[in-house]
Amino acid sequence: MKGIVFTEFLEMIEDKYGYIVVDQLLTESNLPSGGTYTAIGTYDHSEMVTLVSNLSQKAQIPVSELLRSYGRYMFVTFTRSYRPFVDYSHSAFDLLKSIQHYIHVEVKKLYPDAELPHFTVEQPSDNQLHMYYESERKLSDFAHGLIEGCLAHFGEKAIIRKTNLVDDGSRVFFEIVKE
């Protein structure tokens, strides 16, 4: 998992809970990397699972809620760091439809070792989008938050229904219906 995912997660924690909580979390989590991350580094995703789980216990917030919140936060980071990808699209659906065949292709050019989730996207009507998420990392709640962040960025409102296609959460179906 790319380091930017870790560095931005720690930034979000610091923004919401303060530096002391970040320091406690890193100290108490016993991470193989020691909790020292660089945006361009690559780290085992199990460290993110540990950080999110420990923050969930500390803050008394469900893991799914933390990951969705982080997805919304991270989308804002993506709009700053990867502006051309966002500017390429005129709507949330345009951007979401471009993830697999445009954005992830470009990300792989920048970070050849990046292990990205796979998305299959269908648009059955102008106001409805189907997204199939697949990833061994099982971070569909993070993806859910990114979708919410995308909709907010474009000022669009929609209902998002999430359905696990397998029990472990590695394959998920999102139905997004614009209001």
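Helices (H or I, at least four residues) and strands (E, at least two) are DSSP runs, numbered from the N terminus. By this assignment, the chain holds 8 helices and 4 strands, and the pattern along the sequence reads α-α-α-α-α-α-α-β-β-α-β-β. The model is a predicted one, in which local features need pLDDT of at least 70 and side-chain atom pairs count only at pLDDT 80 or more, while totals for chains, interfaces and linings use all residues. Residues are numbered from 1 along each chain as its sequence is written, and side-chain values use heavy atoms, with hydrogens and water left out.

The overall dimensions were examined next. Along its principal axes, the C-alpha trace of the chain spans about 50 × 35 × 30 Å. The radius of gyration, taken over C-alpha atoms, was set against a globule rule of 2.2 Å times the number of residues to the power 0.38. For 179 residues a compact globule would have a value near 16 Å, and the chain, at 16 Å, agrees with this. Accessible areas come from the Shrake-Rupley method with a 1.4 Å probe, and for residues only the protein chains shown count as cover. The chain exposes about 9400 Å², of which carbon and sulfur atoms supply 51%. Residues are termed buried under 20% relative accessible area, exposed over 50%, and partly exposed in between (1.4 Å probe, protein chains only). Of the 179 residues in the chain, 47% are buried. Contact means heavy atoms within 4.5 Å. Among contacts with a separation of 6 or more, 59% join residues 24 or more positions apart.

The strands form an open sheet of 4 strands in the order β1-β2-β4-β3, with antiparallel pairing; two strands pair if DSSP finds at least two bridges between them. The edge strands, β1 (118-125) and β3 (158-164), each pair on one side only. Neighbouring strands of this sheet are turned by 15° against each other on average, direction ignored. Axes are lines fitted to C-alpha atoms, for helices over the stretch in contact, and angles run from 0 to 180 degrees between N-to-C directions. Helix α8 (residues 140-153) packs on the sheet and touches β1, β2, β3 and β4 (171-178), its direction making about 165° with that of β3.

Antiparallel pairing of β1 with strand β2 (residues 128-134) extends over 6 bridges, and H118 stands opposite E134 in β2. Strands β3 and β4 pair in the antiparallel sense over 7 bridges, with F173 in β4 as the bridge partner of T163. The hairpin of β3 and β4 has 6 residues between the strands, and G169 in this hairpin takes a positive phi near 80°.

I13 lies in helix α1 (residues 3-17) and has a relative accessible area of 0%. Leaving aside neighbours within four places in sequence, I13 is in contact with G18, V21, V22, L25 and L55. The C-alpha atoms of I13 and A59, 46 residues apart along the chain, are separated by 10 Å. K2 belongs to the segment before α1 and is buried at 12% relative accessible area. Not counting residues up to four places away in sequence, K2 touches A39, I40, G41, T42, Y111, D113 and A114. S91 is placed in the loop between α5 (83-87) and α6 (92-97), where S91 is buried at a relative accessible area of 14%. With residues up to four places away in sequence not counted, S91 touches F154 and E156.
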